[in-house]
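Visitor: Could you walk me through this model, one question at a time?
Guide: Gladly; here it is.
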Amino acid sequence: MGLVELLLIAVGLSMDAFAVSICKGLGMKEVNPKVAVVLALFFGGFQALMPLIGWALGSQFLGIIGPIDHWVAFVLLAVIGGKMLWEAFREDAGEGDGKPADRIDLGEFFILAIATSIDALAVGISFAALSVDIVPSVALIGVTTFAFSIAGVFVGNFFGSRYEKPASIVGGVVLILIGTKILLEHLGILAL
């Protein structure tokens, strides 16, 4: 597998993290660089770790992971998206939880990183089958995802600071739609 193919895989894998980063940036009044870097480290780290795990396990567990990876991603993204929607409507009622969007929430970052990197596990299994040199491959995937995640926070913030309440609603809906897309693609209902 060549560098161009690996770069295309890295960009493709980073798109879910990019979309989720946009959603996080939407809720920030002002970009907090520390939050953006920590979020990007989670996303880049997990996007690099998952194919490494997949490669290490090889196709041995493909029969177990393959049938449920889309359900795991769907549930995790739907829960986070639903939480964003609930908080947006709750704040409309004047009952906000007072938790700023530009705060580091390691638990939430962890869940989002897992949800957006589940598909990378399958890529790692395919890397094992194709005898791909794993170290430069996972490094490229991690760095690419890190860069897209940082950019996503800034893109989301640019639009979110101008349209704060609708942006939170859109962010929640987008997360749910990403999870639904993953589910429908794996069920063969949506062919993209």
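Guide: A word on terms first: helices (H or I, at least four residues) and strands (E, at least two) are DSSP runs, numbered from the N terminus. This is a predicted model, in which local features need pLDDT of at least 70 and side-chain atom pairs count only at pLDDT 80 or more, while totals for chains, interfaces and linings use all residues. Residues are numbered from 1 along each chain as its sequence is written, and side-chain values use heavy atoms, with hydrogens and water left out.

Visitor: In what order do the elements of the protein run from the N terminus on?
Guide: The protein has seven helices and zero strands. Read from the N terminus, its elements are therefore written with the helix symbol alone, by the DSSP runs described above. The order is α-α-α-α-α-α-α.

Visitor: What span should helix α1 have, and how far apart are its end C-alpha atoms?
Guide: The expected span of a helix is 1.5 Å times one less than its number of residues. Helix α1 covers residues 3–26, which is 24 residues, so it should span 34 Å. That agrees with the model, where the end C-alpha atoms are 33 Å apart.

Visitor: Where does α1 bend, and by about how many degrees?
Guide: The bend at a residue is the angle between axes fitted to the seven residues ending there and the seven starting there. M15 lies in helix α1, and its C-alpha is 7.9 Å from that of T145, 130 residues away in sequence. The bend is at M15, by about 35 degrees.

Visitor: Is M15 buried, partly exposed or exposed?
Guide: Buried means under 20% relative accessible area, exposed over 50%, and partly exposed in between (1.4 Å probe, protein chains only). The relative accessible area of M15 is 32%, so M15 is partly exposed.
For contrast in another helix, E108 of α5 has 11% relative accessibility and counts as buried. For M15, then, the word is partly exposed.

Visitor: Which residues have the most contacts inside the largest nonpolar core?
Guide: A nonpolar core is a set of buried Ala, Val, Leu, Ile, Met, Phe, Trp, Tyr and Cys residues joined through side-chain atoms within 4.5 Å. The largest one here has 30 residues, and the elements that give it two or more residues are α1, α2 (33–57), α5 (106–130) and α6 (134–160). In soluble globular proteins, nonpolar side chains tend to be buried together. The residues with the most contacts inside this core are F42, F43, F109, F127 and V153.

Visitor: How are the rings of F18 and F148 arranged?
Guide: Rings of Phe, Tyr and Trp (its six-membered ring) pair if their centres lie within 6.5 Å; planes under 30 degrees apart count as stacked, over 60 as edge-to-face and the rest as tilted. The structure holds four aromatic pairs. In this one the centres are 5.7 Å apart and the planes at 90 degrees, so the pair is edge-to-face.

Visitor: Which parts does the F18 and F148 pair tie together?
Guide: F18, at 21% relative accessibility, counts as partly exposed, and F148 is partly exposed at 25%. The two residues are 130 residues apart in sequence, so their pair ties together helix α1 and helix α6.

Visitor: Which residues form one aromatic cluster?
Guide: The rings of F42 and F109 have centres 6.0 Å apart and planes at 75 degrees, so they pair edge-to-face. F42 is in helix α2 and F109 in helix α5, so this pair ties together parts 67 residues apart in sequence. Both residues are buried. The cluster consists of F42, F46, F109 and F110.
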